[in-house]
Amino acid sequence: MALISAGESPNSSAIQNARTYLNSMQGANAGFESFGTENSNTTAWAIMALKYLNESPKDSFWLVDGNSSDDFLLSLQDASGGFKWIDSSVYKLLEQLIPASANFSSEVNTIIENHVLSRNKYWN
């Protein structure tokens, strides 16, 4: 997405190689994998990348046994409108927020209460 935003042609070899790699990270449920698990976070990023390529998750190239990545993402949506995080996705997201220069211990476990990630049902 950053390369296309910076002016790189979607048809360039760099972008096409990235497209091929992205396709290789698509799992059996049509979601996209990170650290071996299909999850909502990685799938949402992949769908945004497809939009930058002017492609759709429903294009035949991106279907897995007739299922699309947006179908997978919608399967993770809960009744409040939020999305379930799978396995260590939250931990990895938080880990990405730590500046490289920060002192931290990898021994500390991350605990996040469910209500922190839930969308307020009274919001419009």
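Visitor: Which side chain meets that of Arg-19 in a salt bridge?

Guide: It is the side chain of Glu-55, at 2.7 Å from N to O. A salt bridge here is a side-chain nitrogen of Lys or Arg within 4 Å of a carboxyl oxygen of Asp or Glu. This is a predicted model, in which local features need pLDDT of at least 70 and side-chain atom pairs count only at pLDDT 80 or more, while totals for chains, interfaces and linings use all residues. Residues are numbered from 1 along each chain as its sequence is written, and side-chain values use heavy atoms, with hydrogens and water left out.

Visitor: Why does the pair of Arg-19 and Glu-55 tie together parts that are apart in sequence?

Guide: Arg-19 and Glu-55 meet in a salt bridge. Arg-19 belongs to helix H2 (residues 13-24) and Glu-55 to the loop between H3 and H4, so the pair joins parts that are 36 residues apart in sequence. Helices (H or I, at least four residues) and strands (E, at least two) are DSSP runs, numbered from the N terminus.

Visitor: Is Arg-19 buried or exposed?

Guide: Arg-19 is buried, at a relative accessible area of 17%. Glu-55 counts as buried too, at 16%. Buried means under 20% relative accessible area, exposed means over 50%, and partly exposed lies in between (1.4 Å probe, protein chains only).

Visitor: How many salt bridges are found in the whole structure?

Guide: The search finds 3. Asp-70 forms one of them with Lys-58, whose closest N and O atoms are 3.5 Å apart.

Visitor: Which side chains make polar contacts with Ser-68?

Guide: The side chain of Ser-68 makes a polar contact with the side chain of Lys-58 at 3.3 Å and another with the side chain of Asp-71 at 2.9 Å. A polar contact is a pair of N or O atoms within 3.5 Å; within protein, one must be able to donate a hydrogen and the other to accept it, and residues adjacent in sequence count only if both atoms are side-chain atoms.

Visitor: Where is Ser-68, and what does it touch?

Guide: Ser-68 lies in the loop between H3 and helix H4 (69-75), and it counts as buried at 1% relative accessibility. Leaving aside residues up to four places away in sequence, Ser-68 touches Ala-30, Pro-57, Lys-58 and Leu-63, where contact means heavy atoms within 4.5 Å.

Visitor: Is Gly-66 buried or exposed?

Guide: Gly-66 is exposed, with a relative accessible area of 55%. Gly-66 is found in the loop between H3 and H4.

Visitor: New topic: how many aromatic pairs are counted?

Guide: The count comes to 2. Rings of Phe, Tyr and Trp (its six-membered ring) pair if their centres lie within 6.5 Å; planes under 30 degrees apart count as stacked, over 60 as edge-to-face and the rest as tilted. The count of 2 includes Phe-32 and Trp-62, whose ring centres are 6.1 Å apart and whose planes stand at 55 degrees, so the pair is tilted. Phe-32 sits in the loop between H2 and strand S1 (33-34) and Trp-62 in the loop between H3 and H4, 30 residues apart.

Visitor: Are Phe-32 and Trp-62 buried or exposed?

Guide: Phe-32 and Trp-62 are both buried. The rings of Phe-61 and Trp-62 have centres 4.9 Å apart and planes at 90 degrees, so that pair is edge-to-face. Ring pairs link Phe-32, Phe-61 and Trp-62 into a cluster. Phe-61 is partly exposed at 37% relative accessibility, whereas Trp-62 has a relative accessible area of 0%.
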